[in-house]
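Hi,

Here is the structure I said I would pass on.

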Amino acid sequence: MSEAIDHDPSAPLFDEKAWLKILARYRQPRARRSLIELAVTAIPFALLWAGTWAAVYFGFWLGLILIIPASAFLLRLFMIQHDCGHGSFFARRRIDDWTGRAIGVLTFTPYDYWRRAHAEHHASAGNLDERGVGDITTLTVEEYSSRSWRGRLAYRLYRHPAIMFGIGPAWLFLFKQRLPFGMMRSGLLPWVSTMATNLAIAIASALLIWAIGILPFLLVHLPIVLLAGAAGIWLFYVQHQFEETHWSKEPEWRFQHAALHGASYYDLPLILRWITGNIGIHHIHHLSSRIPYYRLPEVLKDHPELGDIGRITMMESLRCVKLVLWDEQNQRLISFRDATKLRRSK
């Protein structure tokens, strides 16, 4: 039974302090379930990867369609890596860390470096004074207007879907994550993480190229990584870039409010919820990141009122692509066209 608290979303802060207490009981992972989740993700990925290679080897080019489900399972492996980064998959730091590091070789993502950047994202999501690490760059209307024409053009290009979801994944997973950008002077760990991951990727790639040849490797693994990366960037994007998201400055910014109202509930079809590790239940994840992804549906089942906060459907999410600037006056995310209208009305 739910605790008797006021669940009116219009109430101040929607009683986030009470929610933190309620959600604490969902934070304990189940070791057997975690092992099953890892097995039913890693084994199908390996089989689909092998099937894609076999299609290339035997010249059955129609078989390259297996790249799509293979990338879906790689995306799911990344969601396990993500939970490991939060210490919520096995709740044993050493096991979580080494599981995350091993998966990071497949996803081209240096685990310890990414974990630190992602922790900064969670600690500052929705804070206009703390933008820059681990999130999608978002300008306010005023900031965009004050830029030179070159600055505005650069931002428009950055936010263009072809770059954000096309060129972006290749840049991020193949190049940017080879160095600890944003943490170049943050101590030894980011460097060790990226360099060790680079070395492991190089060794694994060399062995695969030696075993199957460079062309099959390029036709199999790189497309899988890039397609999974594009899907991952889309999920990360749409879960914070929706019209009624939350941004504020200090001292108004509060972690609990930003977590619950600055992240969406991306209501996906059942199969996509499974593939994406329930990451669409993002507002609850941000409020209590130690909840294992497979327990997030339990929270919605026990507390359905949380499903009314920040909910967006797949069709609604497509319209979020045009929302690129934060309107501080009206407290909503708007398009470039809306920003132009707003400026002309003044």
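A quick word on naming before anything else: helices here are DSSP runs of H or I with at least four residues, numbered from the N terminus. Please also keep in mind that this is a predicted model.

With that naming, Val299 sits in helix H14, which covers residues 296-302. Is Val299 buried or exposed? Its relative accessibility is 0%, so Val299 counts as buried, the cut-off being under 20%. Leaving out residues up to four places away in sequence, Val299 touches Leu23, Tyr26, Ile284, Ile291 and Leu306. I also looked at Val299 against Leu77: the two are 222 residues apart in sequence, and their C-alpha atoms are 22 Å apart in space.

Ile36, Val40, Ile271, Leu272, Trp274 and Met314 make a nonpolar surface patch of about 490 Å². Two elements give two or more residues to that patch, helix H2 (31-57) and helix H12 (270-275). Helix H12 has the largest share, with three residues. Ile271 is found in helix H12, and at 57% relative accessibility Ile271 counts as exposed, because the cut-off for that is over 50%.

Last, the cysteines. A disulfide is a covalent bond between the sulfur atoms of two cysteines.

Cheers

Key:
Residues are numbered from 1 along each chain as its sequence is written. This is a predicted model: local features need pLDDT of at least 70, side-chain atom pairs count only at pLDDT 80 or more; totals for chains, interfaces and linings use all residues. Side-chain values use heavy atoms; hydrogens and water are left out. Patches are made of residues with over 30% relative accessible area and no salt bridge: like charges are joined within 9 Å, nonpolar side chains (Val, Leu, Ile, Met, Phe, Trp, Tyr) within 5 Å. Accessible areas come from the Shrake-Rupley method with a 1.4 Å probe; for residues, only the protein chains shown count as cover. A salt bridge is a side-chain nitrogen of Lys or Arg within 4 Å of a carboxyl oxygen of Asp or Glu. Buried means under 20% relative accessible area, exposed over 50%, partly exposed in between (1.4 Å probe, protein chains only). Contact means heavy atoms within 4.5 Å.
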